[in-house]
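Hi,

Here is the structure I promised to pass on. Have a look at it first, then read my notes below.

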Amino acid sequence: MTEDQEQIRASLEDLPLPDELPEPHTEDRSELKEEEGESQAVKGSPDLLRMLKAAESRRTAQDRDREGSEASQSEAEELVIEALKTDMKIQFNNQKQEFNKRPTKTVRRSLSRSISQSSTDSLSSVCSESSDDESSPRDKLQRTSTGLSDFCIKNIKQAEFGRREIEIAQQEMPALMVLRKRAGGEKPLAGAKVAGCTHITAQTAVLIETLSLLGAQCRWAACNIFSTQNAVAAALAEGGIPVFAWRGESEDDFWWCIDRCVSAEAWQPNMILDDGGDLTHWIYKKYPSLFRKMKGIVEESVTGIYRLYQLSKAGKLCVPAMNVNDSVTKQKFDNLYCCKESILDGLKRTTDVMFGGKQVVVCGYGEVGKGCCAALKALGMVVHITEVDPICALQACMDGFRVVKLSEVVRQVDMVVTCTGNKNVVVREHLDRMKNGCIICNMGHSSTEIDLASLRTAELRWERVRPQVDHVIWPDGKRITLLAEGRLLNLSCSTVPSLVLSITATTQALALIELYSAPEGRYKQDVYLLPKKMDEFVASLHLPTFEAHLTELTDEQAKYLGISKQGPFKQNYYR
């Protein structure tokens, strides 16, 4: 011990101990005086003060000279620990007595509500809208304030709250607002009857209402049983848009809602806006004559695009389709930046997990995988990658990640994230080998990436511990944490950035306008990419948000590059 340290310690020991501990700051509880009585100053425990003073009096000058000895320190520590234990016991008894004085209210609580209150609150804005009422609203007749009843949602009384959510989203979706002003008077979608199947969130509500303002008639269903924001669906219904969706639909409810969206009396869609291909598939299978009359399909997910290309290859696609998923604005912004920010939000809200130092394997290193890996690595996780594409695998290597097979690391990782768009990426063999407590989730569109059917067997027990959080328990007690039943994590368990979705939503709106207003013969029965000029237009609409100023090419520079000064600046094959 240095001389300065000895002087400081000696000066602290010479300070007299107070007779009473100071009163802590207390809030005004005047409203509770009748129930709890007059508030009293909280004082230190007399037993604690007496024991500390006794310990102080036993310390002689000779003891103070031997501060460095282990015996003195041990004696002092034992006295303080004993005193603290005594005081804690006294204070706990006092708190228990005070608690018993307060009026109690019997509330039924389920096991899933045994989590911390802070964690519960963090989920309230997304996951708890329908957690208390899991009944289906299919047989419940509801009406809007104007008497309309052509919709099926959880609760029309939530419309006012949903309207505020939509207004907040509008502030971060500038391009759609500009589109409303520029094209609202022309009504480019007048006569269009759009059947939509997307996530029903505040952001997609801004898109749906924009399409209505551009002249389209819309009917909407949800593409995911967990992503619907019930209040937003209520606001859309109150605004006159037939919506058939609620959070927590069953599989039967899901297809029933899609059918209601299509099979309205005296109304037949002529345009499809799809996310995942379920609506397109349903119309193709159940209403083939209606499918042949469509003017166009706009699809934004990799899963839906695979289905369209399969139809096209088989010669069964009898309507032109626009591939929004592979547009530059979707790939480089929605898939990358949206997932980069929202994966952490979804994981934190559902698990409260600490990321630093943990190991994770991300299956797939496309744009979604790149965003997820960047976010997880930034918080200190050790990231492994699985890939089938050698180009993406090489990118992962050069970004500093280990490219492995899932079977090589599945025993040691703390988390598994799938984002391939494929099926059976994680199968029962992998699940059996995972460590206790491993978290598994999906950032792809469909729930097919994780083999859930293999988990629904007699020997495995499922336990719901939170909204969208299940423990799957093995006979030996091992459990894994499954999020959102393998469905899309960010939209099922959290929210996504409105600004990024504004880019995709604007692209979808322009694709609908292009297909609907295109002259006969421009588009054949095939799948098309958006022209790069349109991609660049969407990007330019968002630049003012960042106060960005583009540099203009000179005539000489444009001639040198062989392009127009106004663009497009990339070839159509550029991705």
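Two residues are in contact when they have heavy atoms within 4.5 Å of each other. Keep that in mind for the chain as a whole: among contacts with a separation of 6 or more, 71% are between residues 24 or more positions apart. Oh, and this is a predicted model.

The chain has 575 residues, and 47% of them count as buried. You'll find 23 helices and 15 strands in it.

Now look at helix 22, residues 532–542. Its axis comes within 10 Å of the axis of helix 21, and the two cross at roughly 140°. Angles over 145 degrees would count as roughly antiparallel, so this pair is oblique instead. The crossing is right-handed.

Who does the touching? On the helix 21 side the contact is made by Leu499, Ser502, Ile503, Thr506, Thr507, Leu510, Ala511 and Glu514. Helix 22 brings Met534, Phe537, Val538, Leu541 and His542. By type, the contact residues split into eight nonpolar, four polar and one charged. As for the spacing, an α-helix has 3.6 residues a turn, so residues three or four places apart point the same way.

Cheers

Definitions and conventions
Residues numbered from 1 in each chain as written. Predicted model: local features only at pLDDT ≥ 70, side-chain atom pairs only at ≥ 80, totals over all residues. Heavy atoms only, no water. Axes fitted to C-alpha atoms, helices over the stretch in contact; angles between N-to-C directions. Helix = DSSP H or I, 4+ residues; strand = E, 2+ residues; numbered from the N terminus. Parallel < 35°, antiparallel > 145°, perpendicular 65-115°, else oblique. Left-handed = near helix turned anticlockwise from the far one by under 90°. Nonpolar A, V, L, I, M, F, W, Y, C, P; charged D, E, K, R; others polar. Buried < 20%, exposed > 50% of the residue type's maximum accessible area, 1.4 Å probe, protein only.
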